[in-house]
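Hi,

Here is the model I promised to pass on. Have a look, and my notes come after it.

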Amino acid sequence: MSEPLPQADPATQPSERQLAVTRHGAGRLLVRGAGGTGKSTALRLRFAALSGGDADPSRVAFVAGTRDGAAATVAALERIIAPPYEELAVFTWPGLAEMVLRSDPVAAGIDPDFEILGPAVADIHAAFAEI
């Protein structure tokens, strides 16, 4: 018998498509849809399902498109995943890239003390490089 799925909001039930995402087995999974169709909710529920039982939630990663999306995901996951866990691995794409590079910068061929440039600073550097 399987455990009930964790719910982000107990007043709502996941749709059949969201359940299909949550229950997807091994292998690739592409979730597409317009804004507001429940993609993030489905993926949060999948994250929680993968983190269930004896699994460590810090061994599952969630990549959000924006910082606000990442913050909302952390807040939702904290409501549906019971502690204890060290941390939730929720990133933006730039945050994930930074984490990977910082884990072994020498292997990536970069200075271990590298700095991240924000878009405005990067534009200034690019402008000076053209001079």
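Predicted model: local features only at pLDDT ≥ 70, side-chain atom pairs only at ≥ 80, totals over all residues.

Residues are numbered from 1 along each chain as its sequence is written, and side-chain values use heavy atoms, leaving out hydrogens and water.

Helices H1 (residues 16–23) and H2 pack with their axes 8 Å apart, at an angle of about 35 degrees. (Helices are DSSP runs of H or I, at least four residues, and strands are E runs of at least two, numbered from the N terminus; axes are lines fitted to C-alpha atoms, for helices over the stretch in contact, with angles from 0 to 180 degrees between N-to-C directions.) On the H1 side, Gln18, Val21, Thr22 and Arg23 meet H2 residues including Leu45 and Arg46 (contact means heavy atoms within 4.5 Å).

H2 (residues 39–50) also comes within 10 Å of H3 (residues 67–80), axis to axis, and the two cross at roughly 45 degrees. From H2, the contact uses Arg44, Leu45, Phe47 and Ala48; among its H3 residues are Ala72, Ala76 and Ile80.

A cis peptide bond joins Pro83 and Pro84, with omega about 10 degrees. Most peptide bonds are trans.

One more for the side chains: Arg102 lies over the face of Phe114, 4.0 Å from the ring centre (the cut-offs are NZ of Lys or CZ of Arg within 6 Å of the centre and within 35 degrees of the ring normal).

Cheers
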